[in-house]
Amino acid sequence: MRNRETTDDHDVVDILVADHREVEALFVELETRQGTPEHRRHLVDVVIAELVRHTVAEEAYVYPIARKALPDGAEIADQEITEHADAERTMKELEAVDPSDPRFDELLARLTSTIRHHVREEENELFPRLRAATAREELIEAADRVATVKKIGPTRPHPGAPDHPPANRLLAPGIGLVDRIRDALSGRPSSVDELPGRQQH
């Protein structure tokens, strides 16, 4: 979920699918159980940050399109938001568990399963329907907005924050800024490029 300076002619589905692939690669690396506990902690911190940014972007710009464009869009959006909230609760727990604790791998497995199920639903059902029912220009415009939101949005789970506008966490003053300050002060990586030993892209 690397911040992209421009989305060119990519639509929002292209951006979100790229996010899915990036998180999946991190999950696969974590499932090998290789590396030091500190490295695994860093990988999980990046997964959480990437997922939170992705979630906020979808709730702000993708699900409103679904509500408008699809006859069952409101139901779909509500279901997706419920799944996001479940995943955020797991992320919040995982954030607080040391990688040497057996619960770390249990929570990671729960999160991985939840996210993979969510990704399959989106990529097999929601995304193709959105592309079929929405003007390409609107999807390209949404891609630009999503890219912008991911630069300023939260990086830590806030499962108690409202998910629906107008009070959602995208609009809540300062959540993203506070998260970024906390990340910087603690040395917590929040993107793949910030992982120790990884080359900058």
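This is a predicted model: local features need pLDDT of at least 70, side-chain atom pairs count only at pLDDT 80 or more; totals for chains, interfaces and linings use all residues.
**Entry 1: confidence**

I looked up the confidence next, and the protein chain has a mean pLDDT of 86. I also noted that 84% of its residues reach 70 or more. One stretch to treat with care is residues 1-7, where the pLDDT is below 50. In the model that stretch still has 28 contacts beyond near neighbours in sequence.

**Entry 2: salt bridges**

How many salt bridges does a search of the whole structure find? I got 22.

My opening pair was glutamate 31 and arginine 116, whose side chains meet in a salt bridge at 2.8 Å, N to O. Glutamate 31 sits in helix H1 (residues 12-31) and arginine 116 in helix H4 (residues 102-133), so this pair ties together parts that are 85 residues apart in sequence.

Next I checked glutamate 138 and lysine 68, where the salt bridge has an N to O distance of 2.6 Å. This pair links distant parts of the chain, with glutamate 138 in helix H5 (residues 136-152) and lysine 68 in helix H2 (residues 37-69), 70 residues apart. For accessibility I wrote down 26% for glutamate 138, which is partly exposed. Lysine 68 comes out at 59% and counts as exposed, since the cut-off for that is over 50%.

Which residues are linked in a network of salt bridges? I found Arg41, Asp45, Lys92, Glu95, Arg156 and Arg188 in it.

**Entry 3: threonine 134**

I then turned to the loop between H4 and H5, where threonine 134 is found. With 8% relative accessibility, threonine 134 counts as buried, because the cut-off for buried is under 20%. What does its side chain reach? I traced the side chain of threonine 134 to the backbone oxygen of leucine 130, at 2.9 Å. Setting aside neighbours within four places in sequence, I listed Ile65, Ala69 and Leu139 as the contacts of threonine 134.

**Entry 4: the nonpolar core**

Last, I looked at the largest nonpolar core, which has 45 residues. Val12, Phe27, Leu51, Leu111 and Leu126 are the ones with the most contacts inside it. Each of H1, H2, H3, H4 and H5 supplies at least two residues of this core. Which helix gives the most to this core? I found that H2 does, with 13 residues.

Not counting residues up to four places away in sequence, leucine 126 touches Tyr63, Ala66, Leu70, Ile76 and Glu121.

Notes:
Residues are numbered from 1 along each chain as its sequence is written. Side-chain values use heavy atoms; hydrogens and water are left out. A salt bridge is a side-chain nitrogen of Lys or Arg within 4 Å of a carboxyl oxygen of Asp or Glu. Helices (H or I, at least four residues) and strands (E, at least two) are DSSP runs, numbered from the N terminus. Buried means under 20% relative accessible area, exposed over 50%, partly exposed in between (1.4 Å probe, protein chains only). A polar contact is a pair of N or O atoms within 3.5 Å; within protein, one must be able to donate a hydrogen and the other to accept it, and residues adjacent in sequence count only if both atoms are side-chain atoms. Contact means heavy atoms within 4.5 Å. A nonpolar core is a set of buried Ala, Val, Leu, Ile, Met, Phe, Trp, Tyr and Cys residues joined through side-chain atoms within 4.5 Å. pLDDT is the predictor's confidence in each residue, from 0 to 100.
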